[in-house]
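I opened this entry to record what I looked up in the model, element by element. The notes follow the order in which I checked things.

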Amino acid sequence: MPGRQEDSLKDLKLLGNKQTEYLFRYSPQVLEAIDNLHVNRDYFIKFNCPEFTSLCPQTNQPDFATIYISYIPDKKIVESKSLKLYLFSFRNHGDFHEDCVNIMMNDLIDLLAPRYIEVWGKFTPRGGLSIDPYCNYGKPGTKYEQMAEYRLMNHDMYPEKVDNR
């Protein structure tokens, strides 16, 4: 099987760029996509970001989380460096945990039009309470829509043991 052709990456601005600018404000425009060379099959792509930070919109105190992004691509996949810079752009973004994960999912749906996607944030406790929002999406009218419904109803059937993160 042939590898990815170099000219298929010509539109990428971030990968290999040694003058990378780290943005300190929410910046969905940094996200870049490349062609999925395996559209003939379903497969998951999973990202774990254990150093995610954002700000509480009320107090401006930092919130820390591990963000899990899993998706079944269709025609496009996200370029990972652009995803890292995108997640970093939340550093000074003030929003509630639930909003952050839904914004991420919406931005990735807009960029990729995936068959299925889920975003899960496991935030560290503040004030003795942790919040772990989960959202997902399946392409309407397909088996992925049914998959999203099933996974949403069953995603937390076996919650993690308490480990105080």
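I am working from a predicted model.

**Entry 1: the hairpin loop.** With the elements set in this way, I looked up asparagine 60 and found it in the loop between S2 and S3. S2 and S3 form a hairpin, with 6 residues between them. I checked the backbone of asparagine 60 and noted a phi near 65°, which is positive in a residue other than glycine. Most residues other than glycine have a negative phi, so I marked this for the file. Is asparagine 60 buried or exposed? Its relative accessible area is 54%, and exposed means over 50%, so asparagine 60 is exposed.

Entry 2: I then went to alanine 113, in the loop between H2 and S5. Alanine 113 is not a glycine, yet its phi is positive, at about 45°. I put alanine 113 down as partly exposed because its relative accessible area is 40%.

**Entry 3: the whole chain.** I counted 3 helices and 6 strands in the protein chain. Read from the N terminus, the elements run β-β-β-β-α-α-β-β-α. The chain has 165 residues, and 39% of them count as buried. Its accessible surface comes to about 10200 Å², with 52% belonging to carbon and sulfur atoms. I also looked at contacts between residues at least 6 apart in sequence: 67% of these join residues at least 24 apart.

**Entry 4: the sheet.** In what order do the strands of the open sheet lie? I read S2-S3-S5-S6, 4 strands with antiparallel pairing. The edges are strand S2 (45–55) and strand S6 (134–138), each pairing on one side only. From one strand to the next the twist averages 15°. Between S2 and S3, which run antiparallel, I found 9 bridges. Here cysteine 49 stands opposite isoleucine 67 in S3. Strand S5 (residues 116–123) is joined to S6 by 5 bridges, and this pair is antiparallel too. I noted that glutamate 118 has asparagine 136 in S6 as its bridge partner.

**Entry 5: helices on the sheet.** Helix H2 (residues 97–112) packs on the sheet and touches S2, strand S3 (62–72), S5 and S6. The direction of H2 makes about 155° with that of S5. Helix H3 (residues 143–154) also packs on the sheet, touching S3, S5 and S6, and its direction makes about 160° with that of S6.

**Entry 6: helix against helix.** I looked up helix H1 (residues 80–88) next; H1 and H2 pack at an angle of about 145°, their axes 12 Å apart. The crossing of H1 past H2 is right-handed. Which residues make the contact? From H1 I listed Leu83, Tyr86 and Leu87, and from H2 Ile103, Met104, Asp107 and Leu108. By class these residues are 6 nonpolar, no polar and 1 charged.

**Entry 7: a lysine in the sheet.** Last, I checked lysine 122, which is found in strand S5. Its relative accessibility is 17%, and the limit for buried is under 20%, so lysine 122 counts as buried. From C-alpha to C-alpha, lysine 122 and phenylalanine 64 are 8.5 Å apart in space, and they are 58 residues apart in sequence.

Technical notes:
Residues are numbered from 1 along each chain as its sequence is written. This is a predicted model: local features need pLDDT of at least 70, side-chain atom pairs count only at pLDDT 80 or more; totals for chains, interfaces and linings use all residues. Side-chain values use heavy atoms; hydrogens and water are left out. Two strands pair if DSSP finds at least two bridges between them. Helices (H or I, at least four residues) and strands (E, at least two) are DSSP runs, numbered from the N terminus. Axes are lines fitted to C-alpha atoms, for helices over the stretch in contact, and angles run from 0 to 180 degrees between N-to-C directions. Contact means heavy atoms within 4.5 Å. Buried means under 20% relative accessible area, exposed over 50%, partly exposed in between (1.4 Å probe, protein chains only). Accessible areas come from the Shrake-Rupley method with a 1.4 Å probe; for residues, only the protein chains shown count as cover. A crossing is left-handed if the near helix is turned anticlockwise from the far one by less than a right angle, and right-handed if clockwise. Ala, Val, Leu, Ile, Met, Phe, Trp, Tyr, Cys and Pro count as nonpolar, Asp, Glu, Lys and Arg as charged, and the others, Gly among them, as polar.
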